[in-house]
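This briefing goes through one structure by topic. The sequence and the coordinates come first, and the notes follow.

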Amino acid sequence: MSATPATLGATAAPAPAGSPRRALWQRPILLAGLLAAAAGFFVPGLIDTPYTLSLLINGVVLGIAAVGIGFLMHQCGFVMFGVAAFIGLPAYLVGIGSAQLGLGLTSAVVFALVGSTAFAALVGALVVRARPLPFAMLTLALAQMLKQVSMLQVMRPITGGDDGLTMSFDGTFLGLTQSALGKAPSFWPLAWAALCLVILIAWVAAHSRFGQVLRATQANEERMRFSGFDTYWPRLAAFTLSSFLVSVSGVLIALNSAYASPELLDFATGGHALTAMIVGGGATALGPLLGAMLYTWGQSAFGATGYLELLTGIAVVVMISAFPKGAMGFVLQIGHRLTGRKGP
Amino acid sequence: MLRVENLTVAYGSVQALSDVTLEVSQRGVLHGVIGPNGAGKSTLMDAITGRRKPTSGRVLVDGEDITQRPVEWRRRKGMSRSFQRTSIFPGLTVREQLDLVASQLGEPDLDEIIDAFELRPSLDLPADSIAYGDQRRVDIALAMIGKPSLMLLDEPAAGLSTTETIALFEHLVTLVRHRGVTAMVVEHDVDAVFRFCDEVTALDLGRLLVTGKPAEVRSDERVITAYLGTAA
């Protein structure tokens, strides 16, 4: 079988038919990616202000969420309006695991990821049966429901209600204490490693047969069913995987700030990730990250002027109008023109 | 092989198919289904393949009632179909979509299908960029993959010229005989149906008029009336 996913929008160009597998050093993009991933760990040494490093961390965490929803959008054509559900829920679960269940920090993180992913699988069993627009609204409703639940009086002992949940961790996570997790230079390696892992997972999934089945289903679901493919379970798996990837960002937020609030479950939180994904472009694994970095930088720069919402709105409209395939799509277009390769 | 019992499909008060009983019992035959517009031909095909749930009646394959079975189950069990409007995967090359379906259903003779439908020149082209006639052949080739025992082709010659229609039917006959596939073909081109099919069923206004050998069906008064109307 010679099927390659490239013509359905995956980032890798197809290998010529019959060509041998190339060694790592013969794949410049992959090599550059690995070098960039390794170099990223040394960023704190290059940044002279704590504020800039914090900004980068925010961009990375937002990028993780954007990569997660970008995967779902590109592979299945589904937009998760309620992405905040899988940012806020795992954040709360870290705190609940620590405070209510008495878990050590590592166990609390595992509890949060497993709990959030299991919740995604449960909810996904229903919502992935819907068409794209109802799906988007159902996920939004889900996030709003979770937000309301977190603010209920009866939930106050567990979630802190309107005040949110301040966390106190017992033990360490990958050798990092609560104090270390709260400091940008010591938190950065964890955030960067998580980002690299999330991008790797998204890339591998997109370039696998699983990704090909998802994209073919998006292209012509009826034909897929008439070709013997079950289209429900792969879609559910994609939603669950996407939610897991987004959940990593929620866990990082909890670890860094030791705090979870109903605001994390609000549409605005998810809106940042959605905007970042669209600005960067969802067709590649790196597009959402680029969008998140641009968006985070923009929020900081615009906030300083006092016209945050206005300038953000204008910038987003300009970006989407000028770069319909996102910033990464534009970068790839330039790259293809310079190298003479045929783009996607 | 295939048996349809008292099949009725109603859309509200409109009976698109009314109490149709039909049997195709032999393997390796080409069975044509004809009828004027609105006769219920495509509805029959949709009901047999599971695309549409019948209001009443049953669909049996080799004695097993498959009426409630989902589409993908039927395909994996050997019932395939092509579509009246070409249904391919936009964005995938011809090779990629054949490979994709072959990877799911298994097809050791994919090259034979490619050559039989003359798809080799367009293998590496995006399927939505090739000529319409070639897309029709891709659509049918996808239905051939996995060695189905029963193929249902919905107007496979739609939009093709006379020459292309004849070539297509010749391909079908060759593959049907060679692979022992039973193929049910809905077609508006009655000349091609009577020329190439082993058996023919005629429908009109959702009801089965007659089923039998091409010559019998062609000379049946009810079929003549359905197509030509009564004499003034």
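Arg81(B) is buried, with a relative accessible area of 1%. The model is predicted, and in it the side chain of Arg81(B) meets that of Asp154(B) in a salt bridge, 3.3 Å from N to O. Asp154(B) is buried as well, at 2% relative accessible area.

**Salt bridges**

- Asp154(B) belongs to strand S7 (residues 150-154) of chain B and Arg81(B) to strand S6 (residues 79-82) of chain B, so their pair ties together parts that are 73 residues apart in sequence.
- Both residues count as buried because their values of 2% and 1% fall under the 20% cut-off.
- Asp154(B) and Arg81(B) also belong to one network, in which salt bridges with shared partners join them to Glu222(A), Asp46(B) and Arg51(B).
- Over all chains, a search of the whole structure finds 27 salt bridges.
- Glu5(B) and Arg58(B) form another of these pairs, with their closest N and O atoms 2.9 Å apart.
- This pair links distant parts of the chain, since Glu5(B) is in strand S1 of chain B and Arg58(B) is in strand S4 (residues 56-61) of chain B, 53 residues apart.
- Glu5(B) is buried at 18% relative accessible area, whereas Arg58(B) is partly exposed at 36%.
- Asp220(B) and Arg222(B) meet through their side chains in a salt bridge of 3.0 Å, N to O.
- In that pair, Asp220(B) is buried, with a relative accessible area of 14%, and Arg222(B) is partly exposed, with 45%.
- As a general point, side chains of opposite charge can pair when their charged atoms come close.

**Nonpolar cores**

- The largest nonpolar core has 84 residues.
- Phe135(A), Phe239(A) and Leu255(A) are the residues with the most contacts inside this core.
- Phe239(A) touches Phe135(A), and its other contacts include Leu72(A), Met80(A), Phe86(A) and Ala120(A).
- Gly124(A), Val127(A), Val128(A) and Thr139(A) are also touched by Phe239(A); residues up to four places away in sequence are not counted.
- A second, separate core has 54 residues, among them Ile113(B), Ala116(B), Leu123(B) and Ile140(B).
- In soluble globular proteins, nonpolar side chains tend to be buried together.

**Nonpolar surface patch**

- A nonpolar patch on the surface is formed by Leu30(A), Leu34(A), Leu197(A), Leu200(A), Trp203(A) and Val204(A), which together have about 530 Å² of accessible area.
- Helix H1 (28-40) and helix H9 (184-206) of chain A are the elements that give two or more residues to the patch.
- H9(A) gives the most, with four residues.
- Leu197(A) is found in helix H9 of chain A.
- Leu197(A) counts as exposed because its relative accessible area of 51% is over the 50% cut-off.

**Cysteines**

- How many disulfides does a search of the whole structure find over all chains? The search finds zero.
- Cys196(A) counts as partly exposed, at 22% relative accessibility.
- Cys197(B) is buried, with a relative accessible area of 6%.

**Positive phi in chain B**

- Most residues other than glycine have a negative phi.
- Asn6(B) is not a glycine, yet has a positive phi of about 50°.
- Asn6(B) is found in strand S1 (residues 2-11) of chain B and is partly exposed, with a relative accessible area of 39%.
- Asp19(B), also a residue other than glycine, has a positive phi near 55°.
- Asp19(B) has its place in strand S2 (residues 14-24) of chain B and counts as partly exposed at 44% relative accessibility.

**Thr106(A)**

- Thr106(A) lies in helix H5 (residues 105-127) of chain A.
- Is Thr106(A) buried or partly exposed? Thr106(A) is partly exposed, with a relative accessible area of 37%.
- Thr106(A) touches Thr172(A), Phe173(A) and Leu174(A), leaving aside residues up to four places away in sequence.
- From C-alpha to C-alpha, Thr106(A) and Gly45(A) are 27 Å apart in space, and they are 61 residues apart in sequence.

Conventions. Residues numbered from 1 in each chain as written. Chains lettered and ligands numbered in written order. Predicted model: local features only at pLDDT ≥ 70, side-chain atom pairs only at ≥ 80, totals over all residues. Heavy atoms only, no water. Core = buried A, V, L, I, M, F, W, Y, C linked by side-chain atoms within 4.5 Å. Buried < 20%, exposed > 50% of the residue type's maximum accessible area, 1.4 Å probe, protein only. Contact = heavy atoms within 4.5 Å. Patch = residues over 30% accessible without salt bridge, like charges linked within 9 Å, V, L, I, M, F, W, Y side chains within 5 Å. Areas by Shrake-Rupley, 256 points an atom, 1.4 Å probe, with all protein chains shown as cover. Salt bridge = Lys/Arg side-chain N within 4 Å of Asp/Glu carboxyl O. Disulfide = S-S within 2.5 Å.
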